[in-house]
Amino acid sequence: MMGAYNYNDCYFINHNQKKVCFNFESKKRVKGKVLKFIKENHQESDIVKYLNAFDLKLEIINKSKRYLTYRIIDK
């Protein structure tokens with residue numbers, strides 16, 4: 001059985017041992033840059049500022065005890 005985080009584009013484990021997952025659903029061609037930035041920077045405020053530069057938005061899909069799932073979409 002595979003974890004739910006394996007079906008996402010990018011994930012990391014935060015300080016509360018919660019898996020933070022990201023799905024990239026934008027039509028823009030910046031997926032590689034955005035996912036590389038997310039892997040290096042785990043602060044939500046920094047990620048939101050970086051996404052604003054590309055006119056993208058971070059949206060919460062699911063929030064549970066073990067997972068926090070975001071969707072990256074166009075504004």
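A crossing of two helices is left-handed if the near helix is turned anticlockwise from the far one by less than a right angle, and right-handed if clockwise. In this predicted model, helix 1 passes helix 2 in a right-handed crossing. Helices (H or I, at least four residues) and strands (E, at least two) are DSSP runs, numbered from the N terminus. The model is predicted, so local features need pLDDT of at least 70 and side-chain atom pairs count only at pLDDT 80 or more, while totals for chains, interfaces and linings use all residues. Residues are numbered from 1 along each chain as its sequence is written, and side-chain values use heavy atoms, with hydrogens and water left out.

**Packing of helix 1 and helix 2**

- Helix 1 spans residues 31-40 and helix 2 spans residues 44-53; they pack at an angle of about 165°, and their axes are 10 Å apart.
- Axes are lines fitted to C-alpha atoms, for helices over the stretch in contact, and angles run from 0 to 180 degrees between N-to-C directions.
- The two helices are therefore roughly antiparallel to each other (angles under 35 degrees count as roughly parallel, over 145 as roughly antiparallel, 65 to 115 as roughly perpendicular and the rest as oblique).
- Helix 1 contributes Lys33, Val34, Phe37 and Ile38, which meet Asp46, Ile47, Tyr50 and Leu51 of helix 2; contact means heavy atoms within 4.5 Å.
- By class, this contact has six nonpolar, no polar and two charged residues (Ala, Val, Leu, Ile, Met, Phe, Trp, Tyr, Cys and Pro count as nonpolar, Asp, Glu, Lys and Arg as charged, and the others, Gly among them, as polar).

**The two sides of helix 1**

- Val34, Leu35, Phe37 and Ile38 are the buried residues of helix 1 (buried means under 20% relative accessible area, exposed over 50%, partly exposed in between, with a 1.4 Å probe and protein chains only).
- They cover an arc of only 160° around the axis, which puts them on the same side of helix 1; the arc is that of the directions from the helix axis to the C-beta atoms.
- An α-helix has 3.6 residues a turn, so residues three or four places apart point the same way.
- The cover over the buried residues of helix 1 includes strand 1 (10-13), strand 2 (19-24), helix 2, strand 3 (56-63) and strand 4 (67-74).
- On the face turned away from the buried side, helix 1 carries the exposed residues Gly32, Lys33, Lys36, Lys39 and Glu40.

- Lysine 31 lies in helix 1 and is partly exposed, with a relative accessible area of 38%.
- Leaving aside residues up to four places away in sequence, lysine 31 touches Asp9 and Phe24.
- Glutamate 40, also in helix 1, is exposed at a relative accessible area of 54%.
- From glutamate 40 to arginine 66 the C-alpha separation is 21 Å, and the two are 26 residues apart in sequence.
- Asparagine 41 lies in the loop between helix 1 and helix 2 and is partly exposed, with a relative accessible area of 25%.
- Asparagine 41 and lysine 18 are 16 Å apart, C-alpha to C-alpha, and 23 residues apart in sequence.

**Positive phi values**

- Most residues other than glycine have a negative phi, and most peptide bonds are trans.
- Glutamine 17 is not a glycine but has a positive phi of about 60°.
- Glutamine 17 sits in the loop between strand 1 and strand 2 and counts as exposed at 59% relative accessibility.
- Aspartate 55, another residue other than glycine, has a positive phi near 60°.
- Aspartate 55 is in the loop between helix 2 and strand 3 and counts as partly exposed at 45% relative accessibility.

**The segment before strand 1**

- Methionine 2 is in the segment before strand 1 and counts as exposed at 53% relative accessibility.
- The C-alpha atoms of methionine 2 and lysine 31 are separated by 24 Å, and the residues are 29 apart along the chain.
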